Amino acid sequence: MDEGPGRVAAGRIAAMENGTYLHNPRCSKSREALALLQSRGVQPQVVLYLETPLDAAAITELLAALGVAARDLLRRGEEEFAQLGLDDPALAEDALIQAMATHPRLIERPVYVRGGRAVIGRPPERVLELV
């Protein structure tokens, strides 16, 4: 089931029994990791995060589940990364989180969240760590 219009709020990411999968169907790695989960009988809640962006609180929650800093979730190759000067080491964590909330393409993909833990599916097989 896809998340509806609007934003994904804190508390919604880890709510599903089979987990939540932040997906960009245009990304081959995202499609591959989702297929791996489904081949194991796991049907996560799929969130098309470019259409239904996470709010800042949900991103903060996601970072805690991943156990990483905001900078580690950023896609450095995206246009917005350079335009917003996000390579500046002086930028605070909150500024990076807000940038991802405003520009969801900056969020690394795919991300699978289950049982209070999360992994970035790079390589795609990493999602199986939570199965």
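Two strands are taken to pair if DSSP finds at least two bridges between them. On that basis, this predicted model holds an open sheet of four strands in the order 2-1-3-4, with mixed pairing. Of the 131 residues in the protein, 46% are buried.

**The sheet**

- The edges of the sheet are formed by strand 2 (45-48) and strand 4, each of which pairs on one side only.
- Neighbouring strands of this sheet are turned by 20 degrees against each other on average, direction ignored.
- In general, the strands of a sheet pair through backbone hydrogen bonds, either parallel or antiparallel.
- The parallel sense is found between strand 1 (residues 20-23) and strand 2, which pair over four bridges.
- Arg-114 has Arg-117 in strand 4 as its bridge partner.
- Strand 3 and strand 4 form a hairpin with two residues between them. Gly-115, in the turn, has a positive phi of about 60 degrees.

**Strand 1 and its two faces**

- In a regular strand the side chains alternate between the two faces of the sheet.
- Strand 1 is covered on both faces. Thr-20 and Leu-22 are buried on one side, and Tyr-21 and His-23 are buried on the other.

- Strand 1 and strand 2 pair in the parallel sense. Helix 1 (residues 28-39) packs on the sheet and touches strand 1, strand 2 and strand 3. The direction of helix 1 makes about 155 degrees with that of strand 1.
- Helix 2 (residues 56-66) lies across strand 1, strand 3 and strand 4. Helix 2 runs at about 85 degrees to strand 4.

**Helix 2 against helix 4**

- The axes of helix 2 and helix 4 (residues 93-102) come within 9 Å and cross at roughly 115 degrees.
- Helix 2 and helix 4 are therefore roughly perpendicular to each other, because angles of 65 to 115 degrees count as such.
- The crossing of helix 2 past helix 4 is right-handed.
- On the helix 2 side, the contact is made by Ala-56, Ile-59, Thr-60 and Leu-63. On the helix 4 side, the contact is made by Glu-93, Ile-97, Gln-98, Met-100 and Ala-101.
- By class, the contact of helix 2 with helix 4 has six nonpolar, two polar and one charged residues.

**Buried residues of helix 4**

- The buried residues of helix 4 are Leu-96, Ile-97, Ala-99, Met-100 and Ala-101.
- Helix 2 is included in what covers these buried residues of helix 4.
- Met-100 is found in helix 4 and has a relative accessible area of 0%. Met-100 is therefore buried, since that term applies under 20% relative accessible area.
- Leaving aside its neighbours within four places in sequence, Met-100 is in contact with Ile-59, Ala-70, Leu-73, Leu-74, Leu-106 and Ile-107.
- Met-100 and Ala-56 are 44 residues apart in sequence, and their C-alpha atoms are 7.8 Å apart in space.
- Across the protein, 67% of the contacts between residues at least 6 apart in sequence join residues at least 24 apart.

**Cis peptide bonds**

- The peptide bond from Arg-109 to Pro-110 is cis, with omega near -10 degrees. Pro-110 is found in the loop between helix 4 and strand 3.
- Arg-122 and Pro-123 are also joined by a cis peptide bond, with omega of about -5 degrees. Pro-123 is found in the segment after strand 4.

Key. Residues are numbered from 1 along each chain as its sequence is written. This is a predicted model: local features need pLDDT of at least 70, side-chain atom pairs count only at pLDDT 80 or more; totals for chains, interfaces and linings use all residues. Side-chain values use heavy atoms; hydrogens and water are left out. Axes are lines fitted to C-alpha atoms, for helices over the stretch in contact, and angles run from 0 to 180 degrees between N-to-C directions. Contact means heavy atoms within 4.5 Å. Angles under 35 degrees count as roughly parallel, over 145 as roughly antiparallel, 65 to 115 as roughly perpendicular and the rest as oblique. A crossing is left-handed if the near helix is turned anticlockwise from the far one by less than a right angle, and right-handed if clockwise. Ala, Val, Leu, Ile, Met, Phe, Trp, Tyr, Cys and Pro count as nonpolar, Asp, Glu, Lys and Arg as charged, and the others, Gly among them, as polar. Buried means under 20% relative accessible area, exposed over 50%, partly exposed in between (1.4 Å probe, protein chains only).
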